[in-house]
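Good morning, colleagues. Please look first at the sequence and the structure, and I shall then describe the two chains in turn, together with the contact between them.

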Amino acid sequence: MDSGGITVAALMQQVLVGLSRTTILFIVSSGLSLVLGVLRIPNVAHGSLYMIGAFVTYSVASFFGQTTAGFIIALAVAPLVVAAVSLVLERGLLCHLYDREHLMLLLFTFAFTLVFGDLVKMIWGSDYRSLSAPAIVQGSFDLGGFPFPRYSLFLLVMGPLVALGLWLLTNKTKIGKIARAAAVDREMVDAIGIDVSKVFAAVFVIGCYLAGLGGALVAPTQNITQGMDHTIIIEAFLIVIIGGLGNIWGALLGAAIFGLTDAIGILIWPQFAIVFPYTAVVIVLLIRPRGLLKAIW
Amino acid sequence: MQRLSVCLFLALSLLIVPFTTAPAAAKTITVGIVDCYSGPPSTYTNDVRDAFKMEIDRINAAGGVLGRKIEFVTRDSKFKVDIGLAAAKELIYRKNVDIMMGTINSALALAISDMCRKEKVPFLVTFAKSAKITGAKGHDYVFSITENTALAGKAGAVGLAKKPYLKYWIAGDDYEYGHAIADAVWNNLKKLKPGVTLLGQSWWKVGEPDFTPYITAILSARPDAVIVATGGRDCVPFLKAAKATGFTKRVPFYMHTATELSTLKPLGLNAPEGVIGTSNYFFYYPRTPENEAFVKRFEAAYKRKPAVGAIYGLLAARFISRAYQKAGKVKPKAFIKAMEGMTVDSPVGKVTMRACDHQAMLPMFMGTTKKAPGYDFLIADDIVTIAGKDVMPDCAEIARQRKK
């Protein structure tokens, strides 16, 4: 197949496009990984919260007439709405189930993918929605002779900001330190008089907030529709597994591998691009079955 | 005594049941519709059902057909073949429908078609795009009143052959519809314009969340034009990514359903201009009194503009009522005979049901997306009408496909 030769500029551009996709994947899978690492809950409903985040973003942004200000407000509000939903879920139901085995928790959160799916259908209907990116990040600019979407650049800025925020949270705050300790030895943390239950609630809400943020950021780039929860949750779990279960930086590494193999695969072998990220997952698991970085489990 | 009365009651009810139900059923013509009414496909199928109902109401108000009222029952297939097939069974065996109609899902349409062939119930396909329905897998009992991948592909090729492009790239959904339409466009284009070359192809999964890396990769290969074989709901995010990357400003592309209202409306004024697309119907074209009257009636009834599905619903109602009228009785064989070669009026002009393959000869409109005053979404401009007969495979070709 002759594609006229792949230039360095084209490859560079493809890497950047891949990294902007990495941003969304990282934000969503880091939340999943956080909950998995600290609470030991394989939260299958994480994808549903991502979907709710996208739908709320659509509604809030549309309420303000899909203006730039409206989008910024939506970006702030939607993850908070998702966080509020997750707080109710955690305090009302999940917090009573922490002692159950993983299979039970898996089934429980799976049940919620169905509940949330129907809830979205009841509130927003079954039609898909489409949201435009705010005017300042619409269109593209020229990058070495190729167009580069402004929104992708915006995502490239958001990614490191979220990563920095997560690093500060886990390493510089008390709650982060307790969460890390609880992830290693829950009983010990309990024994020294810290109310682990509250810490767990906070970590769960933060993890779900990230799902909502991912949904909000992805909203202007794709259809906001039923089923977007399934696509993301599969990718997010793969990323978490190759990165090392429960390791946030593993999620970053996994997301980068997934996003970059996808984008570069599309450039060099477009007919079979679909298989590239999955092949990468298989190779990683063959070499390091427990993930690239240290798994907390 | 009690036992006797029970026996009498049972005997009487056995006698009564056939007498009470049979005459009631004879007074109507029942149409069974199986289609996907939940999830994204409902954007397309609701228009079929609504336009069908609107026309049926008119026919019934004018006295019905052969002194009978036309009734219809709908079942939601949820886009699943097993659910849809079970619903079709229920309609055929329990509701004893006279005729079946539906669906947007090609796999389901082919499955129901097969069942209708065995049960000898006529089946009108209203949205599924597989060319096999009236092509290789066609038979006496199945009719299609929608375009299919072969017709759309030919129409696309006829339009593209007139443009100066030589180096092409093909990109699309990695499933039946995507490959079928891409093959149809490309094979026809090669015949019409032997100088064209294919630089490469990209195939993505259905529901691909982000098209940006695909578009940037295609642009780096610098083709003259791109054939985009994506369908249904994926059209919207694709056009969005096309706009974000400035795709149309650099390379023109053809996408079959790009100009349809269902695709362009959700994007508002943020859809890219200059995309070439084909469709069976626009509410603003052709500008004939028939079309204007139809749009007015549809809007009055449903408070929205009719999309392409509406023309299929309207045609279904007209074909069904006229064919029974012409047949003079409600019998499958007589209905089929009446349908073959029948012509009905419609907002897009006269439409004939071709006798050899039971495919409605619908015109195809090729246009380019453009902003227009008075609309808060893009419409098709520079519309060229391609007649149904110009894009349909000839009857000998159909016979050859069916023999295989």
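In chain B, 53% of the 404 residues are buried; a residue is called buried if 20 or more other C-beta atoms lie within 10 Å of its own, exposed if 12 or fewer, and partly exposed in between, with C-beta atoms placed from the backbone. Please note that this is a predicted model, in which local features need pLDDT of at least 70 and side-chain atom pairs count only at pLDDT 80 or more, while totals for chains, interfaces and linings use all residues. Residues are numbered from 1 along each chain as its sequence is written, and chains are lettered from A and ligands numbered from 1 in the order in which they are written.

Let me continue with the overall form of chain B. It has 15 helices and 14 strands; helices (H or I, at least four residues) and strands (E, at least two) are DSSP runs, numbered from the N terminus. The radius of gyration of chain B is 23 Å, close to the 22 Å given by the globule rule for 404 residues, so chain B is as compact as a globular protein of that length. Here the radius is taken over C-alpha atoms, and the rule is 2.2 Å times the number of residues to the power 0.38. Along the principal axes, the C-alpha atoms of chain B fill a box of roughly 90 × 50 × 40 Å. Of the contacts in chain B with a separation of 6 or more, 69% are accounted for by residues 24 or more positions apart; two residues are in contact if their C-beta atoms, placed from the backbone, lie within 7 Å.

Chain A may be described in the same terms. It has 11 helices and two strands, and along the sequence its pattern reads α-α-α-α-β-β-α-α-α-α-α-α-α. A compact globule of 297 residues would have a radius of gyration near 19 Å, and the 19 Å of chain A agrees with this. The C-alpha atoms of chain A fill a box of roughly 65 × 50 × 35 Å along the principal axes. Of its 297 residues, 51% count as buried. Residues 24 or more positions apart account for 79% of the contacts in chain A with a separation of 6 or more.

How many residues does each chain bring to the contact? Chain A gives 39 residues and chain B gives 37 residues. On the side of chain A that touches chain B, helix 1 (8–39), strand 2 (146–149), helix 5 (150–172) and helix 10 (248–268) each supply at least two residues. Helix 1 of chain A gives the most to that side, with six residues. The residues of this side of chain A divide into 14 nonpolar, 21 polar and four charged; Ala, Val, Leu, Ile, Met, Phe, Trp, Tyr, Cys and Pro count as nonpolar, Asp, Glu, Lys and Arg as charged, and the others, Gly among them, as polar.

I turn now to helix packing. In chain A, helix 2 (residues 46–63) and helix 4 (residues 102–124) pack at an angle of about 15°, with their axes 9 Å apart. Axes are lines fitted to C-alpha atoms, for helices over the stretch in contact, and angles run from 0 to 180 degrees between N-to-C directions. Helix 2 and helix 4 of chain A are therefore roughly parallel to each other, a term for angles under 35 degrees, with over 145 being roughly antiparallel, 65 to 115 roughly perpendicular and the rest oblique. The residues of their contact divide into seven nonpolar, four polar and no charged.

In chain B, helix 2 (residues 42–61) and helix 12 (residues 308–327) pack at an angle of about 35°, with their axes 7 Å apart. The residues of this contact divide into 11 nonpolar, four polar and five charged.

Finally, some individual residues of chain B. Y177(B) lies in helix 6 (residues 176–192) of chain B. Is Y177(B) buried or exposed? With 21 C-beta neighbours inside 10 Å, Y177(B) counts as buried. Leaving aside residues up to four places away in sequence, Y177(B) touches K129(B), T149(B) and G231(B). The C-alpha atoms of Y177(B) and G231(B) are separated by 7.4 Å, although these residues are 54 residues apart along the chain.

The loop between strand 2 (69–76) and helix 3 (81–94) of chain B holds K78(B), whose phi is positive, about 55°, although K78(B) is not a glycine. K78(B) is partly exposed, with 15 other C-beta atoms within 10 Å.
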